[in-house]
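Me: I would like to learn how to read helix packing and charged pairs in a structure. Could you take me through the features in turn, with the general idea before each case?

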Amino acid sequence: MAISLKTSFCEGFIRDCDVQAIREEIVSAKKTLDEGTGKGSAFTGWVKLPYNYDREEYARIKAAAERIKKSCDIFVVIGIGGSYLGSRAAIEFVKSPLYNSLKKDTPDVYFAGNSLSPTALSELLQICEGKDICVNVISKSGTTTEPAVAFRIFRELLVKKYGNEEAVKRIYVTTDKVRGALKKLADAEGCETFVVPDDIGGRYSVLTAVGLLPIAVAGIDTDEMLRGAYDAAEKFRNAPFEENDAMRYAAYRNLLYRSGKTTEIMASYESGYAMMNEWWKQLYGESEGKDGKGLFPASVIFSTDLHSLGQYIQDGVRNLFETVISFKAPTADVKIPYDEENADGLNFLAGKTLFEANAKAEAATILAHCDGGVPNLVLEFDRKDAYNFGYAVYFFEYACGISGYTLGVNPFDQPGVEAYKKNMYALLGKPGYEEHAAALLSRMKK
Ligand code: PA5
């Protein structure tokens, strides 16, 4: 089993009878998800994706990745939210947060268009100077401002550097099958395109071309990743509640929420998990935070953040619970050396490995936080590899669907994201937004 849920550190907070009481709600939410009868069911194509993904497109993605590996030093992935978080998480989880600095025979991968920061884009443009570049622009709608702006800039750069004909060969477009500005442009120019399926929303799309192309370019075994997702789908779609950790995770987080624990902190002791946390925050935050409801998804990397947020978690407002990501085995390990002088008094650690020390920090913190009134769930992963990534993606997505339906929301829409966009368009002077702009400006002057 690639992931297993331990609930023993919730004892004293959640009783067995509470779990029994919510069991039927969870079973019913799962049935709604499986049968596609709930709110937003038009966007649940990801549930069966590990069984019926487009094999022809998958072969094209792999072939494109091989071409990209041979033809560039830097692969720029342009996208925001669900159009970049998953692939970035995969690269950092399976390879390393330091992927670009490691010795390797694959291109550096940089992410752009996930903010409007002029500094970030200028720095990336500097890094690209004198380097061969390929670009993957990813946007389901094709109209999102941040990636569209970055794509304009990179497209201009590619045309200047290579001329139109060669630039087109270096641009890969991942977007809607038929609709949208990006699809139109790709078809007009003749760029290779990949599809974000109609029935899969951005934050559930990492196992489609959205994630697969950048992940394959980074040299990650996507077959293994999809095998992990398939095994997770088989497990979590078929196992009964008592043996189904996706259902149990959904049950516990809803029970904790109902008991006043309104913030879930995802905690990992591996820095390679930081972007997984970001992916998870988007998945759960956008899926559940609506209609005045939803757990607030937060994250920490320990022991680093024990020296920043540790105080609050131990002692602050008691509306928190933690979900700890624990690895059974390290990807690499380091032995702590013996020191003749022992000036730091640490010779009691000599001969132990950092993995052992990290595991003790984890156990010590879980117990301390429980004593401080913060229940802990533990998700134990086998290791950080492609198989476990695919397995984890399916686990979290499936649990999210069940959890959202149990909460009583539509886990597959994101109406709240539009509010800032409407204001931004108005303030940037987009035609058609004049009246709204005037109202905003008068509020800003007050
Ligand atoms: O999960 C979602 O649907 C969003 O986070 C989108 O992925 C994000 O807003 C980007 O949208 P698009 O791919 O249309 O540019």
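Me: How many salt bridges does the count come to?

Reply: Before the number, a word on the source: this is a predicted model, in which local features need pLDDT of at least 70 and side-chain atom pairs count only at pLDDT 80 or more, while totals for chains, interfaces and linings use all residues. Residues are numbered from 1 along each chain as its sequence is written, and side-chain values use heavy atoms, with hydrogens and water left out. Side chains of opposite charge can pair when their charged atoms come close. With a salt bridge taken as a side-chain nitrogen of Lys or Arg within 4 Å of a carboxyl oxygen of Asp or Glu, the count comes to 29 salt bridges.

Me: Which residue forms a salt bridge with Glu35, and where do the two lie?

Reply: The partner of Glu35 is Lys31, with the closest N and O atoms 3.8 Å apart. Both lie in helix H1 (residues 16-35), 4 residues apart, which is about one turn of the helix; helices here are DSSP runs of H or I with at least four residues, numbered from the N terminus. For accessibility, buried means under 20% relative accessible area, exposed means over 50%, and partly exposed lies in between, using a 1.4 Å probe and protein chains only. Glu35, at 49% relative accessibility, therefore counts as partly exposed, and Lys31 is also partly exposed, with a relative accessible area of 49%.

Me: What do the buried residues of H16 pack against?

Reply: In H16 (residues 418-428), the residues Lys421, Met424, Tyr425 and Ala426 are buried, and they pack against helix H6 (145-162) and helix H17 (434-445), where contact means heavy atoms within 4.5 Å. Just after H16, Gly429 takes a positive phi of about 85 degrees.

Me: At what angle do H12 and H15 cross?

Reply: Two packed helices are described by the angle between their axes and the distance between the axes. Here the axes are lines fitted to C-alpha atoms over the stretch in contact, and angles run from 0 to 180 degrees between N-to-C directions. The axes of H12 (residues 274-288) and H15 (residues 386-407) come within 9 Å and cross at roughly 20 degrees. Angles under 35 degrees count as roughly parallel and those over 145 as roughly antiparallel, and H12 and H15 are therefore roughly parallel to each other. Residues in this contact include Trp279 and Trp280 of H12 and Phe389 and Phe396 of H15.

Me: Are H4 and H12 roughly parallel or roughly antiparallel?

Reply: Helix H4 (residues 85-95) and H12 pack at an angle of about 155 degrees, with their axes 8 Å apart, and the pair is therefore roughly antiparallel. Among the residues making this contact are Leu85 and Phe93 of H4, together with Met275 and Trp279 of H12.

Notes
Parallel < 35°, antiparallel > 145°, perpendicular 65-115°, else oblique.
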